[in-house]
Amino acid sequence: MSTTDAGSGWRRLHPLSLVFRIGAAARNLLLPGLALLFVSRGQGYELWLAVLFVPAGIAAIVSYLSYRYRLGDDELVIQQGIVTRNERHVPYARVQNVDLVQNLIHRWLGVAEARFETAGGEEPEAVMRVLSLAEVAAIRTRVFRDPRPRAGDAGGAEAVVAAPVEEPLYRARLRDLVLLGLTSNRGLAVVAAAFGMLWQLDVLGFDPERFVRDLGRVDPSVAHLPAGPLATVLVALAGLVVALVALKTLSVVWTIGRLHGFELRGRGEDFSARYGLLTRIAATVPRQRIQRLSIQRGPLHRWLGKASVQIETAGRSGAGSGVERLWLAPWIDDGALAGLVARALPGIDLDVREWRPVAAGAGGRILRKGLALAVVIAIPLAVLSGLAALVVIVPLAGLAVLHARQWPRHARYVLLPDAIVWQSGWWTRRTSVARYEKIQVVAQIQSPFDRRRGMASIHVDTAGAGHVGHPFVLRYLEEDVATGLSGRLGDEAGARAFRW
Amino acid sequence: MLGSEVVEGVERPLDPRSITVRRIAGAITSAAIGVGTLGALVIRLIASRPTRTEVMLLLLAWLATVAAIAAFSWLWPPHRFRHSAWRIDASGMRIRAGVFWRSIVSIPHARVQHTDVRQGPVERAFGLATLVVHTAGTENASIELAGIAHETALAIRDHLIDEHN
């Protein structure tokens, strides 16, 4: 359906884009609109609503009409704007991924949003909202110069995404996603969003104090609970359990919504992944562009012999970009892990015996740090509630001791011929792998505490390393080891050219 | 050619003039803080009709704070200078910095995306510059080397760009 100016090669977005643009504008104006309804108390609000919505609608139409793109020989050219005309050139060679995002309405109408991710930015380089699926397939073919002919696009989304030579590598069952959800705390995001909603309600006249007063009236039993420290502890524990169950339930729901029907396929050397319950995402990841690979194993993983594998490609880092760091396999058998890793990082074998430990004094430092933290928490608690504070402090100190004993046992690293591997964490164990080729900067940092104990840490910086996940920071190394390591990593990285 | 002179694999200190530049910048900051807080204090005092002793005490406290900030910005730059250095060798560039938290940042040549040479007004008056090296990294997406001679900064930049192409 996209209109093509024959000759010049300029194309427009799918006409439905107009509908989505107006819809987005309306959604942005929903809250001010509602506020207006309240403020004007129903008098003359139509006029004000028109004042709000009509310019937004016109802007949407203008922006649709002024947006056009062209698939050049080796670059994508996008023109937009009327007053300030902006022409953006995105060379195909710099495009890391073309991701396809489809929410429910998109799927119903057979269109999709295409995001072009390039390196060196958290935001996608270009977002084309929306295109027909056939158009997306054409653009993808052009961008990645796939020499193989494609199957006809008669089957809608499925056929478009699937190139003929794709081979299935991994598929997540619903059970896998439930288990993954149990290990994650993504429910916190939902809770935060709920708080945000409450905040918004507050703006519109919600009175939390009255709400709590009313709650007391509805449930007077709150006032008749048995008193005493034991009861307090029991109530606190019950509250904790309820909160935990709610958090995990939300996390499971979140994970299923996000990753439902996760499927990983190999396309020649590269990967393509499809997932999502309501919003379907189809992402293509060229193997060359994997900057870092992380494996996560929590207690539940270890108990069931599973692992979760994520990769980072440049230009992708969660916040803002809508598509997050990519799962390679959300919940995979330990046995199948090596094969998958070998496919993503050829020539890298994680089954090594030459692991190097962190400094011998690491445990002592972690213990002192943990106990100091416990004391800092203990002082105000003790002032407030006297001896009852022991209920919190003793387990906290115990945890500090346990952490100090366990952490150094499980923290280790190894230099492979082509990559560095760092493993840390004892409760949730994480392993990160970065090829020397992908290391951007190596920093050796020494805090005053490090200096006193003759230690240092090494920060390995790669493109697209998000702030969440497993930090690639080798902590508590002996100083001379760290110096040697940072020199070696610098040399190894310097000896290799960097291709995105 | 200046470009080859910077590649010697020897650790070099910053330009000693950077101490003066830092002190001037510190003096400007201290003066700004001093004037700003004094203004706020005067308004506050006029509004609350204090006794003479209160006025004297508050002014003394203000003087002590500003003097401490000024003293710090006078004494700190030599420490910074002593703990800062840079080195360029065949594999890349290393920048050492930090008095309490010490860091040694290594940037391989092949990872330099682009560079900026920046000069503030005070730096310009002393012929100094700040070199900013950009990489594709995240945590260290840009690394600054402040307090080197302008011509040194240009030479390093030329070298990094030559090597890159």
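Me: How do you know that β2 and β3 of chain A pair?

Reply: This is a predicted model, so take it as that. Pairing needs at least two bridges by DSSP, and β2 (residues 68-71) and β3 (residues 75-80) of chain A have 4. That clears the cut-off, so they count as a pair, and the sense is antiparallel. One position to look at is Arg68(A), which sits opposite Gln79(A) in β3(A).

Me: What makes β1 and β4 of chain A edge strands?

Reply: The sheet is open, with 4 strands in the order β1-β2-β3-β4 and antiparallel pairing. β1 (10-11) and β4 (86-91) each have a single partner strand, so one side of each has no neighbour in the sheet.

Me: How do you know that β9 and β10 of chain A pair?

Reply: Again, at least two bridges are needed, and β9 (residues 263-267) and β10 (residues 270-275) of chain A are joined by 5, running antiparallel. Arg265(A) has Ser272(A) in β10(A) as its bridge partner. The two strands form a hairpin with 2 residues between them, and Gly268(A) in the turn has a positive phi of about 65°.

Me: And what joins β10(A) to β11 of chain A?

Reply: Here too there are 5 bridges, to β11 (residues 280-285), and the strands run antiparallel.

Me: Why are the buried residues of helix α12 of chain A said to line one face?

Reply: In α12 (residues 334-344), Leu340(A), Val341(A) and Ala344(A) are buried. To be called that, a residue needs 20 or more other C-beta atoms within 10 Å of its own. Looking down the axis of α12(A), the buried residues fall within an arc of 100°, so they line one face. As a rule, an α-helix has 3.6 residues a turn, so residues three or four places apart point the same way. Gly335(A), Ala338(A) and Gly339(A), on the other side of α12(A), are exposed. The cover over the buried residues includes β8 (166-171), β12 (290-297), β13 (306-313) and β14 (326-333) of chain A.

Me: What makes up the domain 1 side of the contact between the domains of chain B?

Reply: The domain assignment gives domain 1 (2-13 + 85-164) and domain 2 (19-80). Their centres, taken over C-alpha atoms, are 34 Å apart. Each domain puts 6 residues into the contact. On the domain 1 side, helix α4 (residues 121-126) of chain B supplies the largest share, 3 residues. That side divides into 4 nonpolar, 1 polar and 1 charged.

Methods
Residues are numbered from 1 along each chain as its sequence is written. Chains are lettered from A and ligands numbered from 1 in the order in which they are written. This is a predicted model: local features need pLDDT of at least 70, side-chain atom pairs count only at pLDDT 80 or more; totals for chains, interfaces and linings use all residues. Domain bounds come from an automatic or database domain assignment. Two residues are in contact if their C-beta atoms, placed from the backbone, lie within 7 Å. Ala, Val, Leu, Ile, Met, Phe, Trp, Tyr, Cys and Pro count as nonpolar, Asp, Glu, Lys and Arg as charged, and the others, Gly among them, as polar. A residue is buried if 20 or more other C-beta atoms lie within 10 Å of its own, exposed if 12 or fewer, and partly exposed in between; C-beta atoms are placed from the backbone. The arc is that of the directions from the helix axis to the C-beta atoms.
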